[in-house]
Amino acid sequence: MKRRGVVRNLYSFSSAMIACEKQKRWHQILDIWDEMKQGRLRPGSYSNRIILAAFSNTKKREGLCRHLEEMRRQGNVNKEHYTTALSGCRKFEGQGWKLASQLLSGG
């Protein structure tokens, strides 16, 4: 986004994430999230759901757990976030139930 002269704010990052989600470009969503962190921008509720889905779809278990825990600490987690994270657990073959249990227990 830097190269195109786009204003780097929560709205532009969220719009880019939504576009990537529609195209199932999960790795790009995580790249956008990294840019947001560098700019010290915190994602909104919908963006957080997209980030959780991206971690699930790229099978990045640790990232999924870490992001959900960070959201918990900030008090920004809701039932849609848990639903997204838990439904993503099925993508972790053989370990999905353990991950779901871990997410629910907060560990």
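Student: The backbone oxygen of Phe 55 lies 3.4 Å from a polar atom of the side chain of Thr 58. What makes such a pair a polar contact?

Tutor: A polar contact is a pair of N or O atoms within 3.5 Å; within protein, one must be able to donate a hydrogen and the other to accept it, and residues adjacent in sequence count only if both atoms are side-chain atoms. The distance here is 3.4 Å, so the pair is within the limit. The side chain of Thr 58 also has a polar atom 2.8 Å from the backbone oxygen of Ala 54.

Student: What kind of model is this?

Tutor: This is a predicted model, in which local features need pLDDT of at least 70 and side-chain atom pairs count only at pLDDT 80 or more, while totals for chains, interfaces and linings use all residues. Residues are numbered from 1 along each chain as its sequence is written, and side-chain values use heavy atoms, leaving out hydrogens and water.

Student: Why does Thr 58 count as buried?

Tutor: Its relative accessibility is 15%, and buried means under 20% relative accessible area (exposed is over 50%, partly exposed in between; 1.4 Å probe, protein chains only). So Thr 58 is buried. Leaving aside neighbours within four places in sequence, Thr 58 is in contact (heavy atoms within 4.5 Å) with Trp 26, His 27 and Leu 30.

Student: Why is Arg 40 called exposed?

Tutor: Arg 40 has a relative accessible area of 75%, and the cut-off is over 50%, so Arg 40 is exposed. Arg 40 lies in the loop between α2 and α3 (45–57), and its phi is near 60°, a positive value in a residue other than glycine.

Student: How do you know that Lys 24 is exposed?

Tutor: By the relative accessible area of Lys 24, which is 60%; that is over 50%, so the word applies. Lys 24 sits in the loop between α1 (10–22) and α2 (26–38). Helices are DSSP runs of H or I with at least four residues, numbered from the N terminus.

Student: Which residues of helix α5 are buried?

Tutor: In α5 (residues 79–88), they are His 81, Thr 84, Ala 85 and Gly 88.

Student: How do you know that they are on the same side of α5?

Tutor: They cover an arc of only 95° around the axis, which puts them on the same side; the arc is that of the directions from the helix axis to the C-beta atoms. The face turned away from the buried side carries the exposed residues Lys 79 and Thr 83. What covers the buried residues of α5 includes α3, α4 and α6 (96–105).

How values were computed
Helix = DSSP H or I, 4+ residues; strand = E, 2+ residues; numbered from the N terminus.
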